[in-house]
Amino acid sequence: MTPDKPRRSQPGRRPSRPRPPRRRPLDPARRAAFDVLRAVTERDAYPNLALPALLRERQITGRDAAFATELTYGTSRTRGLLDAIIGAAAGRSPDAIDPVLLDLLRLGTYQLLRTRVEAHAAVSTTVEQAAIEFDSARAGFVNGVLRTVSTRDERSWVEELAPDPATDPVGHAALVHAHPRWIAQAFADALGAAAGELDAVLASDDERPQVHLAARPGSLTAAELADAVDGTVGRYSPYAVYLPAGDPGELPAVRDGQALVQDEGSQLVARALTLAPVADDTGRWLDLCAGPGGKTALLAAVGAGRGARVTAVEPAAHRADLVAANTRGLPVDVLQADGRETGLDPGFDRVLVDVPCTGLGALRRRPESRWRRQPSDIPALTRLQRELLTAAIGLTRPGGVVLYATCSPHLSETVGVVADALRRQPVHALDTRPLFEPVDELGEGPYVQLWPHRHGTDAMFAAALQVDPQ
């Protein structure tokens, strides 16, 4: 029996090659999350703005939208912790990893450590996308890193990577709660004797903040608004309502201008200015840093019942337009100008100066901002804050009150700025705490520091300063 002869290739035909495996791209939810992470890395985009727009554009709804939201915001919040674990698993610094691969690794690592997604699904979907974006070699790298990550849970990784809590409690808390160390230290400094609450403060930044509404005084009461939206009357502000669920922008009361979406802490700040002791109030009130106009609207609504008129200053044109829109129908004059050089005549009775700041008190609302901000941002901001407060004092009549406020507990932005004004300007500090009643746990005074873990609000700081008689 003769052996089979080898087949000869037919003339003009090349020998067949094995086809590369067909790669499956990310599903819509993971793809949306990955695209937003890339936008943050490449263009410094804001996830809380980019993701909703992308979900609408791609018509992603229901469970897919919820999954995309969890992946996007969760990965953004925990980036520092994820990077530490990725670096350990990869045996190299995250800075040495291609940015696209690093975002994929963050997405896969978050699924492995913080979700109920099956490990094989988290790994395989990420590896497949790495092969699509690059090649098999780098897909293999991603596969190796994620498989190493998956051998342990988050607690085990943290125990290995976090500083010793006995010798570096702030550093330990920072890694456990995925915050930059400098922010954790700033919170510990602001807590002072209550620094034992640091874990609670950091943990509160990972909780989804409840939506707060403010019922416009003179339009409807908080109780009426709560009934209309199936909400709950707030704990502290007489205007506050807590919304259990749903899109607040779709509420008739919000669309009609009878209510605003506004954190209860911001409501308390605006209200405090209206309660400050001012003799012979002539009704000239000023909001020196007004955009987008939420506090201005509350001030004007309260002032309308007392014959007051609010001048609102905002340097950015689009934000000045927002102030005008949010205060339509109220006694408000909007001035587009730099708050440091307004050209206004002095003599205001009450002045609110809610200064631009790091926003460290609202990290729970901006998932990526804890990694966006840097300690190097502080000097320029505090210089601007001091200049704005100086301008506010100069526009206030003797006996009038300036309320300095900032959405940050960083001591350089709070007591540091106020202390500078007390040294250099003709003002004295009032006890601000009575202006925030019935809020409790406000500290030793004379200033007020709100905290999300205590009060359910953003970490607003406020200091009332009265201008001395001439």
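## Ground rules

Since the model is predicted, local features need pLDDT of at least 70 and side-chain atom pairs count only at pLDDT 80 or more, while totals for chains, interfaces and linings use all residues. Numbering runs from 1 along each chain as its sequence is written, and side-chain values use heavy atoms, with hydrogens and water left out.

## Cavities

Rolling a probe the size of a water molecule over the atoms shows where empty space is left. Here, a search of the whole structure turns up two cavities of 30 Å³ or more. A cavity is a set of points, on a 1 Å grid over the protein atoms alone, where a 1.4 Å probe fits but cannot get out; lining residues have an atom within 4 Å of a point. Points are joined across faces, edges and corners, and the volume is the space filled by probe spheres set on them.

The largest cavity comes to about 80 Å³. Its lining consists of L37, V40, T41, T75, S76, R79, D103, R106, E368 and W371. Helices α1 (28–43), α3 (62–77) and α5 (99–114) each put in at least two residues, and α1 gives the most, with three. (Helices are DSSP runs of H or I, at least four residues, and strands are runs of E, at least two, numbered from the N terminus.) By class, that lining has three nonpolar, three polar and four charged residues. For the classes, Ala, Val, Leu, Ile, Met, Phe, Trp, Tyr, Cys and Pro are nonpolar, Asp, Glu, Lys and Arg are charged, and the others, Gly among them, are polar.

The second largest cavity has a volume of about 50 Å³. Among the residues lining this second cavity are A214, R216, G257, Q258 and A301. Two or more lining residues come from each of β1 (211–215), β4 (259–261) and α15, with α15 giving the most, at three. The class count for this lining is eight nonpolar, two polar and one charged.

S76 is one of the residues lining the largest cavity, and it sits in helix α3. S76 counts as buried because its relative accessibility is 6%, where buried means under 20% relative accessible area, exposed over 50% and partly exposed in between (1.4 Å probe, protein chains only).

The S76 side chain reaches the backbone oxygen of T72 at 2.7 Å. Beyond four places in sequence, S76 is in contact (heavy atoms within 4.5 Å) with L37, P47, P367, E368 and W371.

## S408, out of solvent's reach

S408 sits in the loop between β9 (396–406) and α19 (415–424). With a relative accessible area of 0%, S408 is buried.

The side chains of S408 and E413 are joined by a polar contact of 2.7 Å. Such a contact is a pair of N or O atoms within 3.5 Å; within protein, one must be able to donate a hydrogen and the other to accept it, and residues adjacent in sequence count only if both atoms are side-chain atoms.

C289 is buried at 14% relative accessibility, whereas P292 is partly exposed at 38%. Leaving out residues up to four places away, C289 touches V313, L352, V353, D354, V355, P356 and L388, while P292 touches R319, L322, V323 and N326.

Methods
On a 1 Å grid over the protein atoms alone, a cavity is a set of points where a 1.4 Å probe fits but cannot get out, and a pocket is an open set with protein on both sides within 12 Å along at least five of seven lines; lining residues have an atom within 4 Å of a point.
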